[in-house]
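Visitor: I would like a close look at one part of this protein's surface. Could you take me through it slowly?

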Amino acid sequence: MQTPKPEFMIATILVPIDFSDGSRGALRYATSLAQTFRAKVIIFTWENPYAAITGWDPSAGYPTGEGRLHLPPDNQFHQVSTGGGYNLTDRTRVTADLALGRMIQDQEFLPYTVNPVLAASVTQPLPRNSLDGWIDTTLLNVRVASRPTPKLSVNAGYRYDDRANKTPRDEYVYIGGDSQTQDTSVASSRRRFNEPYSYQEHQMKLDAGYRFFRRMDLTAGVERKETERTYSEREDATEDTYRLGLKTRLMEKIDTGVRLSRADRRGSTYRGDEPFLSSYDPGYTSTVPGSWENHPDLRKYFLADRRRDIVAVFATLAPSDTWTVGVNGSYLVDDYERSEMGLTGSTIKNYTVDAGYLPTDTITTYAFYAYENLRSEQDGRQFSGGGIKLVQAADPTRDWFADHRDRVDTVGAGVTTVIADRLDLGADYVYARSKSAVNVTAGSALTTVPLPASITRLNSLAVHGTYRLRRDLSLKVRYRMEKFTATDWAVENVEPDTLANVVTLGEENPDDTVHVVAISFAYRF
């Protein structure tokens, strides 16, 4: 086996430009970005550890058979960008930036198989020598900020993001696992089309803020996001978001606030069979019962209709010149009201308490505690392929339901001190623990077993110091230690031969300790 030695190179040129009239605005900059990835070693091969089975050519089994894999191909990304701003009036300013890019990937294809016997029997060759991948990107941002009156501020923005995939679309009649003969029949499941996925998004938002009284600020905003996709279950989607916030100073040393938002996402007709029908040859899809792979009632969560509500509150207290205390919390609810299968709902709760204390002018301390609780509900239906597919897919006794619960607790503290105006010393400590549990229930036709909880722990300690050698030169030293442990039933005691028909490298729960020492110099011009 050859060891890959990839190279990733980035080159950026920044050219400040001043096309200004001296009072209203200027073109601020123009940049050029080039990224190149080269794998250097593009393939590796291995001996097939399995004996030939039914459906394989005898030459593909152990000890004569080999497998071969192409590593990530060489590719390039080039981008030019520019940006600037202009003052329409003394109270209104417009800023904009534009970036145009191109992604290229034309690494030569490997043959369908490394097996000489199978290669000799190929009757339908590769449709082209390389993918000839080509994606053009366009990113435009336009922002307007205005303050018509001392109490009123208005901000508007428009964002355009386009990824036009111009890669040719072809049919590939691949050879499965370097072990099967090429099947060129019209009903073959190994006739596949590549799908040059494209994406376009328009985002428009308007925000306004108004100060009613000396200690009360009200903010409101609206946003619309329109998305178009190709080769996707949903071609068009629109999401409207409404925001409202109130911030007030109850007393001289107490600030409080609340933020509310609601987002509704809707879209064109959801066609769950689109990726299946567009990626396989029609000769094969017509033989599949129902002409779909995923259940028609299944919805992908990032494409499905969704209503999201968020409530966030915060309070800051400064009881003295040396103490500050902050409390904030948020509650997020996602409702996938039209998804009968898939992710149907989720909630996220966050609470944080933090405090800062300055016992002297040269010592700063802080501490915090954060609590996060995530819960999601997932529905599905188990069915097999073949002749019983449609019968099982319509059987509600094969339904299953999963209730996911995750909790994360994090505590931390730190101190920084200044010694003799030349030396800064500090230390930070963080401890985090997460617990994930999945409760699965199923219909009468299925059997389930309880799943153990997965637990992770992280201890992190950092010590740092800065010594000012001269007025313009400083030496910085930092030491960091992290210890991470996890208990996950999915990987515990998974040996190389634990899974049927799969050879793994062996899995173990992580129990790692990492030490990092960093030394640097900072020079101030």
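Which residues form the negative surface patch?

Guide: Happy to! This is a predicted model, where local features need pLDDT of at least 70 and side-chain atom pairs count only at pLDDT 80 or more, while totals for chains, interfaces and linings use all residues. Residues are numbered from 1 along each chain as its sequence is written, and side-chain values use heavy atoms, with hydrogens and water left out.

The negative patch is formed by Glu492, Glu495, Asp497, Glu507 and Glu508. Asp and Glu count as negative, Lys and Arg as positive, and His and the chain ends are not counted. Patch residues have over 30% relative accessible area and no salt bridge, and like charges are joined within 9 Å. A salt bridge here is a side-chain nitrogen of Lys or Arg within 4 Å of a carboxyl oxygen of Asp or Glu. The place of a charge is taken as CG of Asp or CD of Glu. Accessible areas come from the Shrake-Rupley method with a 1.4 Å probe, and for residues only the protein chains shown count as cover.

Now pick out one member, Glu507. Glutamate 507 sits in the loop between β23 (473–487) and β24. Strands are DSSP runs of E with at least two residues, numbered from the N terminus. Glutamate 507 counts as partly exposed because its relative accessibility is 39%; buried means under 20%, exposed over 50%, and partly exposed in between.

Follow the chain into strand β24 (residues 511–523), which gives the most to a nonpolar patch, with 3 residues. That patch, about 590 Å², is made by Tyr467, Leu469, Val477, Val517, Ile519 and Phe521; its nonpolar side chains (Val, Leu, Ile, Met, Phe, Trp, Tyr) are joined within 5 Å. Tyrosine 467 belongs to strand β22 (residues 454–468) and, at 34% relative accessibility, is partly exposed.

Conventions:
Helix = DSSP H or I, 4+ residues; strand = E, 2+ residues; numbered from the N terminus. Buried < 20%, exposed > 50% of the residue type's maximum accessible area, 1.4 Å probe, protein only.
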